Amino acid sequence: MNLFSERIIDRHRRWWIEKEPHEHKNLAGKLQGPAFVVEAGFKVPEMYHIGETCDSIPSFKDLPDNFVIKPSRGWSAKNIYVMVDGINQLDGEKYSRSQIIKLLKDKTKIDESKNIKILVEEYLINWNQDYSKAPYDYKFFMFRGDVAFCHVVERISNTDTSKNRHWYVDENYQSINMKVITTQTPEKEMCEKPDCWDELVATAKGLGEKLSMFMRIDLYATTRGAVFGEFTPQPQGGKGFMPEADIWLGSLWQGKEG
C-alpha cells in the first residue's frame, strides 16, 4: 500500500539528501516558480522589486499603497508582510519600513545569503473586492492534470495559525467530507465560491498537465482572476496527514513522481 506521506518523504530524500536531479525540483523558489507559470501562459503577481539585501527595500512612498514584502525562500507565510495602508494583514499590526527591515534582518538570512532575495510584489485584491483581509489561499493537490482536492485557507493570523479557517473541496466546489491534515479541522459551513473558480481549476489543471507529476499548486482568486501563488512539491513535509487521507492520496500517486 502506497501512503502519500511516504511518497513525499521519499521525494525529499531523493531530491535534497541524495541530490537526485529533476527538472522541476527548484520550482518552489519564488522566482523560478513564477517564471515557469508565465512561460505556461498563466498569471502571476506583478513584481515591484528584487533586492540582494533587506536595506534595498524601496521607500514606502515609492510603492503603491498596498504591496507584499517577502523573502524569495521560505514557507508557511513566515516573514511575509502583506501591507495595506501601512497595516500588515497577517497580524493586524502597523509597520514602518525600518521596522520590517530590522525584523527581516533578525529572523532571516537574506543579507548573509547570495541565494535569498528580498521581493516586493503586487498586493492581490480578493475576488469580491474585500480589502479587509488577505485573499484566501486555494491549494490544489494535483496529480498531473487531475484535481484530487483543493484546500481553501482563510489566513486570520500569521502568529496563531490555529485561528485560520479551512475547507476541503473538489473541483466542483463541493466538500470532500474528509479531514486531511490532523491540525486543520474543516469548517462546517461552506465558504463563498469565488466567481473565478472555473479559471482557478483550469489554471491548476493546465499547470498540472505541464508538470506531469504530483504538485500542490497554490493560487489566489483575485479581481483579475486566478493568479499564481507558489508550487509546493512536498506539502507538510509529508507529515500530519490523517490516515484515511494518507491512504486515499497515496492511491492516486502513480510512478516515481506521482
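This report looks at one helix pair and some salt bridges in the structure above.

## About the model

This is a predicted model, where local features need pLDDT of at least 70, side-chain atom pairs count only at pLDDT 80 or more, and totals for chains, interfaces and linings use all residues. Residues are numbered from 1 along each chain as its sequence is written, and side-chain values use heavy atoms, leaving out hydrogens and water.

Helices (H or I, at least four residues) and strands (E, at least two) are DSSP runs, numbered from the N terminus.

Let's start with helix α2 (residues 32-40) and helix α4 (residues 197-211), which pack at an angle of about 100 degrees with their axes 11 Å apart. Here, axes are lines fitted to C-alpha atoms, for helices over the stretch in contact, and angles run from 0 to 180 degrees between N-to-C directions. That makes α2 and α4 roughly perpendicular (65 to 115 degrees; under 35 is roughly parallel, over 145 roughly antiparallel, and the rest oblique).

Who does the touching? On α2 it's Phe36, Val37 and Ala40, and on α4 it's Leu207, Lys210 and Leu211 (contact means heavy atoms within 4.5 Å). These residues split into 5 nonpolar, no polar and 1 charged. Ala, Val, Leu, Ile, Met, Phe, Trp, Tyr, Cys and Pro count as nonpolar, Asp, Glu, Lys and Arg as charged, and the others, Gly among them, as polar.

The whole structure has 22 salt bridges (a side-chain nitrogen of Lys or Arg within 4 Å of a carboxyl oxygen of Asp or Glu). One of them joins Arg7 to Asp10, with the closest N and O atoms 3.9 Å apart. Both sit in helix α1 (residues 4-17), 3 residues apart, or about one turn of the helix.

Arg7 and Asp10 are both buried (under 20% relative accessible area; exposed is over 50%, partly exposed in between, using a 1.4 Å probe and protein chains only). They also belong to a network of salt bridges that links Arg7, Asp10, Arg11, Arg13, Arg14, Glu18, Glu20, Lys256 and Glu257.

## Salt bridges across the sequence

Lys105 and Asp55 form another salt bridge, with their closest N and O atoms 2.9 Å apart. Lys105 is in helix α3 (residues 97-107) and Asp55 in the loop between β1 (47-51) and β2 (66-71), so this pair ties together parts that are 50 residues apart in sequence. Lys105 is partly exposed at 36% relative accessibility, and so is Asp55 at 43%.

Glu187 and Arg165 also meet in a salt bridge, at 4.0 Å from N to O. Glu187 lies in the loop between β9 (165-169) and α4, while Arg165 is in strand β9, so they tie together parts 22 residues apart in sequence.
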